[in-house]
Amino acid sequence: MPLNEAVLAGLENIVGKGNVAADAAARYVYGSDASIHHHTPDAVVRPGCTDEVSRIVGLCDKELVPLTTRGAGTGLSGQAVPVKGGIVLEMMRMNRVLSVRVEDLYCEVEPGVVFAGLNRALEPHGYWWPPAPGSGDVCTIGGMIANSASGIRTVKYGATRDLVLGLEVVLADGTVIETGNRGLKNASGYQLEKLFVGSEGTLGIITKARLRIVPRPKSSGSLIASFPSLEAAGGAISQVYRNRLVPSALEIMDRNCIQAVKRKFGTPLPDAEALIIIEMDGDRRVVEEDLKAAGEICRAAGAGDIDYATDPAKVAMIWESRKQVLPSMASFGGKGPISVADDLGMPVSKVPEVVRTFGEIARRNGLIIGAYGHAGEGNIHGKVLIDVKSARDWEAARRATDEIYEAVLKAGGTVSAEHGIGITRARLFRLERGASIEVMRRIKKALDPKGILNPGKMFDAPDDMLSENRYILGECD
Ligand SMILES: Cc1cc2nc3c(=O)[nH]c(=O)nc-3n(C[C@H](O)[C@H](O)[C@H](O)COP(=O)(O)OP(=O)(O)OC[C@H]3O[C@@H](n4cnc5c(N)ncnc54)[C@H](O)[C@@H]3O)c2cc1C
């Protein structure tokens, strides 16, 4: 049901006319994130402070208006897509770094601060906030907390979940609460700040965050090693850990990804079955020693070419080839990638076995699948490539995704290591979490009894991962 005039006027009264949009263009744009889904909201509202958020939520609670919070809209599972209509609450105006307290090892920020912007503010202090998602130039701290985002440095520094000390949250009835404290330790009571991490805007709206900050490493170095098989690459990764080395990044690329990068950018990568890239950071001497040790481990595990780099320009070149994977996949084999099975988590030792099944699944379903990602954390992005206008390809993608998840769950893994559940992964998330889903439902009911916050997501999303699909199907069939 569209918003009535009185509710629109109430919203304009809270945030000012210029911060409410209900025109067709705004409603269309805010109906999508970076996932395959789309659903048009009735209005977009942009609050500027906690008090405005509280009053907006209070109004939505009273009028039973669905409210979907949104940061930068880079989510890959439809988390910010307003499937029940209502309002999209866009948090980008609340974008101040409120304090940097190096002596207390924390900073305090509003949720609309962009990850890269926060790290620019921390740089003069010699500190950083490390989770480093690939979308870090765009995505917001609020979105990162609501998804527990992570990235290539998580293997050493932890995910967002590990680096949140406290939150200010507006609950579904408009009440504002503070969780955590200003110290580094907080032992008693339920860890409410952790409850909101990964909750995808279904339990409350984060309006402030205290984040643990970390000194920037003094130096870093990288190596890139090619392997004749995924198993050999996996063997090297296991040996790195057995030898008590802790890389600051450990990434893998399979043959399809290597070929895609070579074809698209002409990057001189070896014709290998798998590549691993390892970064060590810290004191210069330790970096050099650890990198040498990691190289010897790779060699003993069967690596062919190994390229080392400690000067920043060469290190940047090595990591550029990793960054090129996603844009390269966008035009590989005349198909495009969709985010359906791109966030798999599993024990590190199972990565080669699971990634190998992708080849069989791709062949069986007539698809191309590329695998790359944070092998050091067992977090693999399986990019399924399809013609997005072909209903046949979508059906094949659905079958392949089920098969991929079956392999991942059999290996003791998870359907989402960092990109969230939203709509795309909901059915499989429910399968994976079993009885604990009922506990989550009860928590949701306790904190949001009227079900106004981001309804229709996670445990309430439909079984069909392709529902609310934003692509127009059938034209190529
Ligand atoms: C090219 C690309 C690369 C990516 N790489 C990574 C990666 O390496 N690692 C990774 O983890 N993710 C990655 N992502 C996914 C995405 O960027 C992250 O999930 C990110 O944390 C989303 O932030 P956002 O500000 O865009 O949030 P949105 O997409 O706007 O929202 C995501 C969810 O957070 C909720 N939310 C947003 N703000 C708040 C708030 N203030 N209070 C309560 N709930 C809120 C929304 O309701 C929604 O459920 C990538 C995405 C793209 C497009």
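Helices here are DSSP runs of H or I with at least four residues, strands are E runs of at least two, and both are numbered from the N terminus. This is a predicted model, where local features need pLDDT of at least 70, side-chain atom pairs count only at pLDDT 80 or more, and totals for chains, interfaces and linings use all residues. Residues are numbered from 1 along each chain as its sequence is written, and side-chain values use heavy atoms, with hydrogens and water left out.

**Around the ligand**

Next, show backbone atoms. A backbone N or O of Ala72 sits 2.9 Å from a ligand oxygen, and one from Gly75 is 2.8 Å from a ligand oxygen. Over at Ile206, a polar backbone atom lies 2.9 Å from a ligand nitrogen. The protein covers 92% of the 970 Å² of accessible area that the ligand has on its own (Shrake-Rupley method, 1.4 Å probe).

**Aromatic pairs**

Which parts does the pair Phe115 and Trp129 tie together? Phe115 is in helix 4 (residues 115–122) and Trp129 in the loop between strand 7 (127–128) and helix 5, so the pair links parts 14 residues apart in sequence. Both residues are buried (under 20% relative accessible area; exposed is over 50%, partly exposed in between, with a 1.4 Å probe and protein chains only).

Jump to Trp394 and Tyr471, a tilted pair at 5.5 Å centre to centre with 40° between the planes. Ring centres must lie within 6.5 Å to pair, using the six-membered ring for Trp; planes under 30 degrees apart are stacked, over 60 edge-to-face, and the rest tilted. Trp394 is buried at 1%, while Tyr471, at 24%, is partly exposed.

**Last stop: cysteines**

Select Cys60. Its sulfur is 15 Å from the closest cysteine sulfur, in Cys49, too far for a bond. A search of the whole structure finds 0 disulfides (cysteine sulfur pairs within 2.5 Å).

How values were computed. Polar contact = N/O pair within 3.5 Å; in protein donor to acceptor, adjacent residues only side chain to side chain.
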